[in-house]
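Hi everyone, thanks for making time for this.

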Amino acid sequence: MDWGQFGQKLAAMAHDLLAQDSFDATLRRITESAVELVEGCDGAGILVLHDHEVETLAPTDPLVVDSDRLQAELGQGPCFDAAHSARGERVFRIADLTEEGSRWPLFAPRAFELGVGSMMGFLLFTDAEEFGALNFYSRKTGSFTADSEQAGLLLASHAAIAFSSARTHAQMEHAIGTRHVIGEAMGILMGRNDLTEQQAFDVLRCYSQETNIKLREVARRVCDTGGVPRTPPGEDPFHDHDDRRS
């Protein structure tokens, strides 16, 4: 490993991450950098674990998606171990997946059949509900060394900061967008049905609860159609508000 050259590339990657204009673009740059900077890495992706539900973000190779899906199907594997580790381990490195049959008797042989020879993973975030890790995959056994692990850890440290910042920004944009579309839908209901602001919001909220459709989606449908969403049979979204119209 040429650490001088690696440091220059890592600095360029950090600059690139700050220049990305969206959450998805930031994630893609992280995983692309993993393949570019870590020797032996054939594919990379960010695995997010919501309890036992797995989501793969910005995969660079179908192998990444297949491996993550296999862990979800079997409920075992290195990412599941890291997510539920009492010790809170931040790094795992598997030099040779063929030697891990006793550790993951279901996952190891099937992952090897998929084409996974060795793996590494680095914790990006964890909280009470979610776990996220940057994972590296190689089709060859023995690809990831101690130097590979050190390089991956340095990359993941920068990635964790960029991921957190981009995620927060995306959540803020989503919240602002949600407020906007709900406000627009309320205005439509108020104008067309002679409702107060509170009554219009109650209509959206009650419909969302009764149909188990998210409030933002209900509001979007109102904006798209120019009126109230179709109500369930026998129900009138305005029946509780007739005597309070102004």
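Predicted model: local features only at pLDDT ≥ 70, side-chain atom pairs only at ≥ 80, totals over all residues.

Take Glu-149 and Arg-93, whose side chains meet in a salt bridge at 2.6 Å from N to O. This pair ties together distant parts of the chain, since Glu-149 sits in helix H6 (residues 146-193) and Arg-93 in strand S3 (residues 91-94), 56 residues apart. Glu-149 is partly exposed at 26% relative accessibility, and Arg-93 is partly exposed too, at 34%.

Another pair is Glu-100 with Arg-103, where the N to O distance is 3.9 Å. Is Glu-100 buried or exposed? With a relative accessible area of 17%, Glu-100 is buried, while Arg-103 is partly exposed at 46%.

Now please find Glu-217 and Arg-221, which form a salt bridge at 3.0 Å, N to O. They are four residues apart in helix H8, so about one helical turn separates them. Glu-217 is partly exposed, with a relative accessible area of 24%, and Arg-221 is partly exposed at 34%. Elsewhere, salt bridges with shared partners join Asp-16, Arg-29, Glu-32 and Glu-36 into one network.

Next, let's turn to helix H1. H1 covers residues 3-19, and its 17 residues should span 24 Å at 1.5 Å a residue; the end C-alpha atoms are 24 Å apart, so the two agree. Which residues of H1 are buried? They are Phe-6, Leu-10, Met-13 and Leu-17. These four cover an arc of only 60° around the axis, so they lie on the same side of H1. In an α-helix there are 3.6 residues a turn, so residues three or four places apart point the same way. On the face of H1 turned away from that buried side, you'll find the exposed residues Gln-8, His-15, Leu-18 and Ala-19. And at the start of H1, a side-chain oxygen of Asp-2 comes to within 3.2 Å of the backbone nitrogen of Gly-4.

Finally, a look at two loops. Ala-58 is not a glycine, yet it has a positive phi of about 50°. Its loop runs between strand S2 (53-57) and helix H3 (62-74), and Ala-58 counts as buried at 18% relative accessibility. Asn-212, also not a glycine, has a positive phi of about 60°. Asn-212 lies in the loop between helix H7 (197-211) and helix H8 (215-225), and at 72% relative accessibility Asn-212 counts as exposed.

How values were computed
Residues numbered from 1 in each chain as written. Heavy atoms only, no water. Buried < 20%, exposed > 50% of the residue type's maximum accessible area, 1.4 Å probe, protein only. Expected span 1.5 Å × (residues − 1). Arc of directions from axis to C-beta. Polar contact = N/O pair within 3.5 Å; in protein donor to acceptor, adjacent residues only side chain to side chain. Salt bridge = Lys/Arg side-chain N within 4 Å of Asp/Glu carboxyl O.
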